[in-house]
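Please look through the structure shown here before reading on.

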Amino acid sequence: MTYAAALVALEGLALVVGGLWILVLGITGDPDDRQQAVTGGVTLLALALLPLLAARGLLGCRSWSRGPAVITQIMALPVAYNLLQADSMAIPAGIALAAAAVAALVLIVNGETTRALGIRGPGDAGGAEKK
């Protein structure tokens, strides 16, 4: 669970760094469209809240945190694919993002994580013991 939370938090921190970078460059630099650069930076900062809150919830063993953590990983996979399609220095970032997203997904849906979060599987809604 700690590893899953760490990976999700790392993705959130990467979004914060990216958002701040775009925001600062949009304000201090000479972008083609300053308003679009600022909006992009603010959007990344807002998107960073989802994985950061999910990571905190995972560390606190809150059952609600698994949904946002899974959504974050599913959103990261197309971004990683797009980075892998680039013909530049973005390819290593795409590899790292894809590896982190897949690893986090595996850790989040792991049976031990599910039990630690108190999430019951289908057919176990009543919590009845199996014979």
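## Helix packing and selected residues

At a relative accessibility of 34%, leucine 84 counts as partly exposed, a class that lies between buried (under 20% relative accessible area) and exposed (over 50%), calculated with a 1.4 Å probe on protein chains only. The model is a predicted one, in which local features need pLDDT of at least 70 and side-chain atom pairs count only at pLDDT 80 or more, while totals for chains, interfaces and linings use all residues. Residues are numbered from 1 along each chain as its sequence is written, and side-chain values use heavy atoms, with hydrogens and water left out.

Leucine 84 is placed in helix 3, where helices (H or I, at least four residues) are DSSP runs numbered from the N terminus. Not counting residues up to four places away in sequence, leucine 84 touches Ile91, Gly94 and Ile95, contact meaning heavy atoms within 4.5 Å. Leucine 84 and alanine 5 are 79 residues apart in sequence, and their C-alpha atoms are 25 Å apart in space.

Two packed helices are described by the angle between their axes and the distance between the axes. The axes are lines fitted to C-alpha atoms over the stretch in contact, and the angles run from 0 to 180 degrees between N-to-C directions.

| Helix pair | Axis distance | Angle |
|---|---|---|
| Helix 1 and helix 2 | within 7 Å | roughly 165° |
| Helix 2 and helix 3 | 8 Å | about 135° |
| Helix 3 and helix 4 | within 8 Å | roughly 155° |

Helix 1 and helix 2 are therefore roughly antiparallel to each other, a term for angles over 145 degrees, whereas angles under 35 count as roughly parallel, 65 to 115 as roughly perpendicular and the rest as oblique. By class, the contact of helix 1 with helix 2 has 24 nonpolar, 8 polar and 1 charged residues; here Ala, Val, Leu, Ile, Met, Phe, Trp, Tyr, Cys and Pro count as nonpolar, Asp, Glu, Lys and Arg as charged, and the others, Gly among them, as polar.

Helix 2 and helix 3 pack at an angle of about 135°, and that makes helix 2 oblique to helix 3. Their contact is made by Leu50, Pro51, Ala54 and Leu58 of helix 2 and by Pro68, Ala69, Ile71 and Thr72 of helix 3, and these residues divide into 7 nonpolar, 1 polar and no charged.

Helix 3 and helix 4 are likewise roughly antiparallel to each other, and the residues of their contact divide into 20 nonpolar, 2 polar and 1 charged.

Glutamine 73 also has its place in helix 3, and glutamine 73 is buried, with a relative accessible area of 0%. Leaving aside neighbours within four places in sequence, glutamine 73 is in contact with Val8, Glu11, Ala100, Ala101, Ala104, Leu105 and Ile108.

Phi of cysteine 61 is near 55°, a positive value in a residue other than glycine. Most residues other than glycine have a negative phi. A polar atom of the side chain of serine 65 lies 2.6 Å from the backbone oxygen of arginine 62.

Note on methods. Helices (H or I, at least four residues) and strands (E, at least two) are DSSP runs, numbered from the N terminus. A polar contact is a pair of N or O atoms within 3.5 Å; within protein, one must be able to donate a hydrogen and the other to accept it, and residues adjacent in sequence count only if both atoms are side-chain atoms.
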